[in-house]
Amino acid sequence: MHRPADGIEGRELNRPPVYAILLVSAAALAYEVLLIRLFSIIQWHHFAYMVISMALLGYGASGTFVTLLRRRLLAAFPEAFLFNANLFGLTAVGCFMLAQHLPFNMLEMFWDPAQLGYLLLAYLLLFIPFFFAANCICLSFSRFDRKIPRIYAFDLIGAGLGALGIILLLHLLSPQDALRCISAAGFAAAAVSVFERRPPRRLHSALVCLSLALTITLLPDGWFALKSSQYKALNQTLQIGGARILEQHSSPLGLVTLVESPLVPLRLAAGLSLRNRTEPPPQLGLFTDGDAPSPITHYKGDRSSLAYLDYQTSALPYHLQKPEQVLILGMGGGSGILQANYHATRQIHAVELNPWLPQLLQHKYAEFSGWKWLRGNTRLHTGEARSFVSTDVMRYDLIQMSLLDAAGAASGGVYGLSENYLYTVEALREYLEHLQPGGMLAITRWVNLPPRDGLRLFATAVEALRESGLDNPEDRLMLIRGWDTSTLVIKNGTVEAAEVSALLKFCTERAFDIVYFPGIPRDHPVNLHNILPQPYFHEGAIALLGAGASDYMDRYKFDIRPARDDRPYFFEFFKWRTLPEIVSIYRRGGFSLLELGYPILILTLIQAVIASLLLVLLPLRYVKPGRGGGNKSHGWRIFGYFLAIGLAYLFIEMAFIQKFSLFLGHPVHAVAVVIAGFLIFSGLGSLFATRIPAARRARYLIFSIFPLSIVAAAYLWLLPALLDSLGNPGLAAKAAVVLLLIAPVAFCMGMPFPIGLGAVADINPGLVPWAWGINGCASLISAILASLLAIHWGFNGVILIALALYLLTIRLYPDGREQSYSDL
């Protein structure tokens with residue numbers, strides 16, 4: 001007969017505290033998402049990515065901790081659970097507050113050794129809350145090893161609810177107040193665990209926990225103030241005398257700050273020609289997460305005051321034609337609207353992801369923005385740009401996309417790990433399909449040297465035109481550059497001689513350099529005004545249009561291959577063979593050439609693997625698990641089994657977030673719906689596993705893996721056509737469709753872990769926490785590895801690798817028929 005907890009009798013608690021587990025899991029996942037949001041505000045999102053990845057190692061380390069002290073902890077399980085839940089609530093706030101005051105600057109890491117020390121401290125601080133949260137779950141697995149599927153189900157369902165809950169909280173509260181709520185949830189979970197004891201005891205403990213939860217919500221706001229990097233644009237702007245914050249609005253999309261500088265006027269006009277003689281009107285600065293400034297310009301209805309906007313490279317298409325219907329993707333503060341209005345455009349449509357920005361222009365700051373002069377011919381839309389275009393039935397004379405990211409971020413490689421579906425081959429084809437015959441698509445980018453995104457965009461345009469069945473892309477493209485920006489024009493038709501003449505006149509009057517136009521002579525001046533050591537842009541454009549384009553991209557020092565929906569890393573340019581050259585000149589300014597995204601990803605993966613070995617595997621090499629016989633090969637099978645399912649689960653989850661993001665029309669919606677769907681339906685699958693007799697676990701493992709593999713593989717080919725056939729049914733209907741499609745896959749994915757952990761409990765309960773730790777480390781590594789694999793092989797490749805790992809678990813399943821083991 002099975003003896004609970006290796007002989008430890010649970011007289012005070014005869015069932016697992018599943019509702020406390022649900023609350024802890026919800027709080028932990030919400031905390032993970034919130035930390036990414038918080039560190040995006042105070043640092044940059046790459047720092048958040050590194051720190052959060054390493055902090056999640058707390059899940060793996062908790063397995064080691066519980067394994068080493070298992071008997072002592074389980075002897076006082078109720079107190080241990082209570083203690084860890086309370087410590088999660090306490091450290092969730094305390095450790096973040098300490099971490100944000102570390103004098104860390106990611107941009108100094110490569111020349112200041114002290115920054116590595118600060119980074120390590122940040123790792124250790126943020127490791128702590130996840131460690132305590134994971135201890136609650138791991139202790140429950142070990143104490144109730146006959147109820148693992150039920151515990152795991154509540155763990156997953158709680159995490160799914162946390163994914164939805166944090167998005168809702170960030171819509172309603174500031175990130176700081178959301179942090180208070182998560183901390184309070186930790187204390188509340190401790191209180192719930194007391195009430196779940198049968199019979200309930202020590203109710204005063206629950207009252208103390210609830211008092212702590214209430215206290216954390218009543219602490220002064222100043223204690224939770226965010227301390228952002230001094231190198232961010234917002235902090236630098238606030239150093240100007242008299243500059244002050246007028247408004248702030250927080251949402252899952254970012255913290256938007258509106259700034260006024262009455263004494264020293266703001267001058268936000270990207271890429272303005274040095275020949276411009278018109279002073280911009282007064283401006284307010286809009287900053288997202290303390291960076292990416294864009295202006296709200298004071299407009300009184302006098303179009304002549306906007307003449308300076310005609311001296312930006314983005315004004316080019318208005319000189320090539322007289323568009324009547326214009327679509328602006330990425331409204332920002334409204335400069336694109338004013339530019340179109342200056343050129344007397346009859347109808348202007350502008351799309352903005354953040355709904356707060358249109359409200360500013362139309363309501364509170366309507367008088368400043370001149371909305372009463374704009375509203376007659378301007379219509380604002382809220383939504384993600386690519387999704388809006390895909391569901392729009394109109395055709396336009398001009399589609400404008402101007403600087404949808406921050407210059408500093410792009411030049412420093414800060415967006416290298418961000419998936420971006422605005423600049424893929426498929427996206428450009430979709431934009432072109434929404435143009436009138438002869439219409440134009442104009443995309444303005446920052447000028448980075450050596451050229452990177454400018455040439456990748458050109459290569460992507462060439463590929464999009466060819467895939468549209470056009471054999472003459474060279475007749476449809478025009479590219480110019482200024483000192484700071486470049487503008488690519490793609491025509492839905494052949495460029496005419498009159499348009500070339502207008503291009504030449506526009507650039508001559510504004511001292512912009514011509515990079516390419518159809519039929520450009522070899523001796524045409526292309527490096528005349530904003531002189532570079534070589535005409536890099538022109539040489540690249542000519543090469544990318546030629547027969548040797550593929551060879552040119554292979555030889556180029558940066559990765560400028562066209563981006564695609566399956567591999568949407570438009571801002572990832574890193575090539576390993578360029579690294580030695582950059583390192584050799586980094587003290588002479590070469591650091592700015594280093595694309596941070598990919599190296600940071602590699603560094604984080606190496607750190608995760610090393611830390612996993614030290615904290616999870618090596619200590620257990622010397623642990624005697626107690627009961628059981630012994631061979632080492634069986635231990636490695638368990639290691640392989642839980643490593644495989646930990647990697648595979650997140651591979652599929654991350655890939656499907658990308659698969660559904662365009663359909664749902666909003667990145668926040670995609671993350672919330674897909675993560676919650678996977679976790680909740682996986683939880684239901686784990687609940688189903690409670691009904692599986694021990695003797696039939698291996699059979700049910702096969703029954704779950706094969707349907708999972710067949711359905712997920714079928715989705716690779718069927719999903720795009722299926723989603724396209726649904727049209728635009730509305731967000732609620734879209735979410736229902738996504739959940740319906742996720743359900744069979746996620747339900748099957750919820751079964752392998754409890755099935756395997758139940759088998760380990762049968763063989764040797766002492767290694768249950770070790771298996772949990774392996775799975776935690778695998779989940780940490782998979783989040784990093786999935787991005788690396790997607791960069792090279794796309795998300796379809798990530799899904800296929802995940803399915804291969806799931807099939808491998810059938811062979812690795814520790815079914816107990818083999819000889820048991822005593823050590824590793």
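In which element is Ala 292 found? Ala 292 is found in strand 4.

## Basis of the report

The model is predicted, so local features are given at pLDDT of at least 70 and side-chain atom pairs at pLDDT 80 or more, while totals for chains, interfaces and linings use all residues. Residues are numbered from 1 along each chain as its sequence is written, and side-chain values use heavy atoms, with hydrogens and water left out.

Helices (H or I, at least four residues) and strands (E, at least two) are DSSP runs numbered from the N terminus. A residue is buried under 20% relative accessible area, exposed over 50% and partly exposed in between (1.4 Å probe, protein chains only).

Most residues other than glycine have a negative phi, and most peptide bonds are trans. Ala 292, although not a glycine, has a positive phi of about 50 degrees. Ala 292 counts as partly exposed because its relative accessibility is 24%. Asp 289 also is not a glycine and has a positive phi, of about 55 degrees. Asp 289 lies in the loop between strand 3 (283-288) and strand 4, and its 10% relative accessibility makes it buried.

A cis peptide bond, with omega of about -10 degrees, joins Leu 449 and Pro 450. Pro 450 is placed in the loop between strand 9 (435-446) and helix 19 (453-467).

The expected span of a helix is 1.5 Å times one less than its number of residues. For the 25 residues of helix 1 this gives 36 Å, which agrees with the 36 Å between its end C-alpha atoms. Helix 1 is mostly covered, as 20 of its 25 residues are buried. Phe 39 has its place in helix 1 and counts as buried at 1% relative accessibility. The C-alpha atoms of Phe 39 and Asp 289 are separated by 9.4 Å, with the two residues 250 apart along the chain.

Helix 8 (residues 175-195) has 21 residues and should span 30 Å; its end C-alpha atoms are 30 Å apart, in agreement. Of these 21 residues, 16 are buried, so helix 8 is largely enclosed by the rest of the structure.

## Aromatic pairs and charges over rings

Rings of Phe, Tyr and Trp (its six-membered ring) pair if their centres lie within 6.5 Å; planes under 30 degrees apart count as stacked, over 60 as edge-to-face and the rest as tilted. The structure holds 35 aromatic pairs. The pair of Tyr 31 and Phe 88 is edge-to-face because the ring planes stand at 85 degrees, with the centres 6.0 Å apart. This pair links distant parts of the chain, with Tyr 31 in helix 1 (residues 18-42) and Phe 88 in helix 5 (residues 77-100), 57 residues apart. Both Tyr 31 and Phe 88 are buried. The pair of Phe 141 and Tyr 152 is tilted, at 6.4 Å centre to centre and 45 degrees between the planes. Phe 141 belongs to helix 6 (residues 114-143) and Tyr 152 to helix 7 (residues 148-172).

A charge sits over a ring if NZ of Lys or CZ of Arg is within 6 Å of the ring centre and within 35 degrees of the ring normal. Arg 452 lies over the face of Phe 558, at 5.3 Å from the ring centre, and Arg 510 over the face of Tyr 311, at 4.7 Å.

## A pocket and a cavity

On a 1 Å grid over the protein atoms alone, a cavity is a set of points where a 1.4 Å probe fits but cannot get out, and a pocket is an open set with protein on both sides within 12 Å along at least five of seven lines; lining residues have an atom within 4 Å of a point. Points are joined across faces, edges and corners, and a volume is the space filled by probe spheres set on them. The second largest pocket has a volume of about 780 Å³. Of its 26 lining residues, those closest to the centre are Arg 386, Asp 565, Leu 662, Pro 720 and Asp 724. Helix 27 gives the largest share of this lining, 6 residues.

The largest cavity has a volume of about 50 Å³. Its lining includes Ile 296, Thr 297 and Leu 374.
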